[in-house]
Amino acid sequence: AAFEPKDYLKNAYNVIFGLIICICDGKESWMKACFDVQTTLFRYAFVLATQTGRALFYFYVGSITILVLPGHAFWDVFYICIGAVLCLLALLMLVID
């Protein structure tokens, strides 16, 4: 089964959210070399600068990733695994905090 247009849109959002996760967790010196993108992100989305806020963001991204389910068995398992890992990471971050 091929992806439907809504799946492409969901995946586009997942790519954007993935970039945001990379910026949040990236090495500070690398982010400063890239136009100080991490500081800018934390200034405009302060919730991502806190561990609790970042954990909730991870849980949100993980849950929408689980719900993509394109209809092919391999991709269903792939998306469920990626989403589950993000959700588990979010829960772990909340427990540690």
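Predicted model: local features only at pLDDT ≥ 70, side-chain atom pairs only at ≥ 80, totals over all residues.
1. The buried residues in question are Tyr 79, Gly 83, Leu 86, Cys 87, Ala 90 and Met 93.

2. The length of helix 5 can be checked with simple reasoning: helix 5 covers residues 73–96, which makes 24 residues, and at 1.5 Å a residue these should span 34 Å.

3. Turning to helix 1 (residues 5–25) and helix 3 (residues 37–44), their axes come within 9 Å and cross at roughly 110°. Because angles of 65 to 115 degrees count as roughly perpendicular, helix 1 and helix 3 are therefore described as roughly perpendicular to each other.

4. Where these two helices meet, helix 1 brings Ile 20, Ile 23, Cys 24 and Asp 25, while helix 3 brings Val 37, Gln 38, Leu 41 and Phe 42. Sorted by class, this contact between helix 1 and helix 3 has 6 nonpolar residues, 1 polar residue and 1 charged residue.

5. The largest nonpolar core has 15 residues, and those with the most contacts inside it are Ile 21, Cys 24, Leu 41, Leu 48, Phe 57, Tyr 58 and Val 61. Helix 1, helix 3, helix 4 and helix 5 are the elements that each give two or more residues to this core. In soluble globular proteins, nonpolar side chains tend to be buried together.

6. Ile 21 deserves a separate look: leaving aside its neighbours within four places in sequence, Ile 21 is in contact with Phe 57, Tyr 58, Val 61 and Leu 86.

Methods:
Residues numbered from 1 in each chain as written. Heavy atoms only, no water. Axes fitted to C-alpha atoms, helices over the stretch in contact; angles between N-to-C directions. Helix = DSSP H or I, 4+ residues; strand = E, 2+ residues; numbered from the N terminus. Parallel < 35°, antiparallel > 145°, perpendicular 65-115°, else oblique. Contact = heavy atoms within 4.5 Å. Nonpolar A, V, L, I, M, F, W, Y, C, P; charged D, E, K, R; others polar. Expected span 1.5 Å × (residues − 1). Buried < 20%, exposed > 50% of the residue type's maximum accessible area, 1.4 Å probe, protein only. Core = buried A, V, L, I, M, F, W, Y, C linked by side-chain atoms within 4.5 Å.
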